[in-house]
Amino acid sequence: MLYFWIFILMVLCLYRHIVYKDVFKCPLTIFLLFYTGCLFFASLHMNNKNELTWENIAVNILSMTIVAISFCFFSKIKIKMQNKECVNMYKQRTISINMLYLLAVILLIFSFKQFMSGTVLLYLQGYNMGDIRGIYLTTDSIISSPISAFIDTVFGGLRIVLLIITAHLFFSGEKRIKWLLLLVTIDVLIRSLTGGDRLFIFDYCIVFATTYFVSKKEEISKRVLQKIRRIVILAFILILGMGIYITTQRQANISIIDAIGGNFTCGFQIFDVVKPQMDSVGINTFGITSFAGIIVIINVFFAFLGIPQITLINEINKYDVPFWNIGGDNYYNGYLPYVSYFYLDGGYIYLIIMSILFGAGMAYLYKRFKYENTLGTQMAYSFCMLLIFRSSLRWYFSRADFCIAIIISYIICKCNVRLKK
C-alpha cells in the first residue's frame with residue numbers, strides 16, 4: 001500500500017513540475033514529500049522498532065489523499081484578490097528596523113532572565129538536559145502562574161514572528177539585518193537551552209530554508225553578502241552546535257543520526273501503540289486537541305479570573321508524555337503525528353473533516369502568496385511551512401505561541417495598512 005502511494009506521489013510531483021514548475025514551493029507537494037518520507041522511514045522499522053500496522057499506514061495515506069484532493073479542488077475556486085493599487089501599497093510598506101531591534105533586545109533580555117532564574121539553578125543542582133526537559137514538560141504553569149504563562153506565550157509568539165520577518169528581510173537584501181539576525185539567533189539558542197527543546201532550533205532552520213527557496217536571490221547584492229557573510233556563518237555554526245549539544249545531552253546512548261531521525265519517525269510507532277488505548281478509553285475531545293493552542297490562551301484568562309478552565313486540554317499528554325515500548329527494547333516518548341490529534345478529537349469522521357480543511361487552507365494561502373506576494377502573504381506562507389514540517393511531530397495549532405504569533409503577525413500587517421491610508 002505504501003509503495004503504491006509513493007508511486008502515485010511521484011507521478012503527481014512530476015505532473016506538478018511539468019505544468020506549474022513549483023514542486024519545491026507548492027505547500028501540497030512539500031507536505032506530501034516530507035510526510036511520506038517520514039512515514040516511509042518509520043515503516044523500515046530500523047533499530048528493531050515495530051513494523052507499522054496496515055491500519056496506521058492506511059490512516060495516514062487516507063488523510064494525505066484527502067488533503068491532496070481538497071487542495072486541488074479549492075485551488076480552482078476563485079478568491080477575492082486585492083486590486084493592483086492595494087497590492088502596490090502593500091509592497092511599499094516598510095517595517096521599522098529600529099523597532100525590530102528593540103523587540104529583539106527585549107525578547108533576548110526576557111529569555112536570558114528565564115534562563116538565569118530557572119535552568120542555571122537546575123544545572124548547578126546536577127540535573128542533565130533530559131531531566132530539565134522532563135521538568136518543563138510536567139510543570140503546569142497555567143495553573144501555578146497564569147500571568148507568567150501568558151507572558152511566556154506572548155514572547156514565544158513574538159520569537160516566531162521576529163524569526164520569520166528577519167528571514168524575509170535577510171533574503172530581500174536588507175543592509176541593516178546582520179546584528180538583528182545575530183540577536184534572534186542568540187535568543188533561539190538561549191530558549192532552546194532553557195527548556196532543552198531542540199524544536200526551536202528546528203523552526204529556525206525551517207524558516208530560513210523555506211524562505212530561501214521562495215525568495216528572489218538576485219535581489220541580494222554581492223556587497224550586502226560580503227558585509228553579512230561572517231554573521232551568517234557564525235549564526236548557523238551556533239545553531240548547529242547547540243542542536244548537536246542538546247541532542248547528545250538528552251540522548252547520549254544513541255547516535256546523532258538516530259536521535260534526530262527518531263524525532264520524525266518514532267511518532268508513527270507510538271501511534272500504533274497508543275491508538276488501541278485511545279479506542280478503549282473512548283474519549284473524543286471535539287477540537288480541543290487540534291486547537292489546543294487557542295484553548296490554552298483562553299484557559300490562561302480563565303485561570304487568572306478564577307473561572308473553571310476548559311477540560312480535556314491535556315488529554316493528548318496521556319499518550320505523548322509517557323515512554324512506550326515501540327519494539328526492540330526501544331522506549332520512546334515524543335510528539336505524535338498530526339493524524340493522532342485529529343483522531344483523538346473525533347475519530348475517522350473528524351480526521352476526514354480536518355484533512356479537508358488542511359488542504360483548503362494550504363490552497364487559499366498559496367494562491368494569495370503567488371498572486372499578491374505581500375508581507376502578509378509571505379508571513380502566512382512561512383507559518384504554513386512550519387505547520388507542514390511539524391506535521392510528523394505534532395499539529396502546530398496545539399501550541400499557544402504559534403497561535404499568538406499568527407495574531408501578532410495579523411496585527412502588524414493590519415496596522416501597517418492603516419498607517420498607509
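Tyr-343 counts as buried because its relative accessibility is 9%, where buried means under 20% relative accessible area, exposed over 50% and partly exposed in between, for a 1.4 Å probe and protein chains only. The model is predicted, so local features need pLDDT of at least 70 and side-chain atom pairs count only at pLDDT 80 or more, whereas totals for chains, interfaces and linings use all residues. Residues are numbered from 1 along each chain as its sequence is written, and side-chain values use heavy atoms, with hydrogens and water left out.

**Aromatic pairs**

- The whole structure holds 34 aromatic pairs; rings of Phe, Tyr and Trp (its six-membered ring) pair if their centres lie within 6.5 Å, with planes under 30 degrees apart counted as stacked, over 60 as edge-to-face and the rest as tilted.
- Tyr-343 and Tyr-348 form an edge-to-face pair, because their ring centres are 5.3 Å apart and their planes stand at 75°.
- Tyr-348 is partly exposed because its relative accessible area is 34%.
- Phe-358 and Trp-395 are also edge-to-face, with ring centres 5.1 Å apart and planes at 85°.
- This second pair links distant parts of the chain, 37 residues apart: Phe-358 belongs to helix α15, and Trp-395 to the loop between α16 (375-389) and α17 (400-420).
- Both partners are buried, Phe-358 with a relative accessible area of 5% and Trp-395 with 3%.

**Aromatic cluster and charges over rings**

- One aromatic cluster includes Phe-31, Tyr-35, Phe-358, Trp-395 and Tyr-396.
- The charged end of Arg-390 sits over the ring of Tyr-396, 4.4 Å from its centre; the criterion is NZ of Lys or CZ of Arg within 6 Å of the ring centre and within 35 degrees of the ring normal.
- Arg-394 places its charged end over the ring of Tyr-335, 4.4 Å from the ring centre.

**Nonpolar surface patch**

- Leu-62, Phe-73, Phe-74, Ile-77, Tyr-348, Ile-352 and Ile-356 make up a nonpolar patch on the surface, together exposing about 560 Å² of accessible area.
- Patch residues have over 30% relative accessible area and no salt bridge, and nonpolar side chains (Val, Leu, Ile, Met, Phe, Trp, Tyr) are joined within 5 Å, like charges within 9 Å; a salt bridge is a side-chain nitrogen of Lys or Arg within 4 Å of a carboxyl oxygen of Asp or Glu.
- Helices α3 (54-75) and α15 (338-371) each contribute at least two residues to the patch, and Tyr-348 lies in α15.

**Helix α2**

- Helix α2 spans residues 27-43, and 13 of its 17 residues are buried.
- His-45, which follows α2, has a positive phi near 40°.

Notes. Helices (H or I, at least four residues) and strands (E, at least two) are DSSP runs, numbered from the N terminus. The expected span of a helix is 1.5 Å times one less than its number of residues. Accessible areas come from the Shrake-Rupley method with a 1.4 Å probe; for residues, only the protein chains shown count as cover.
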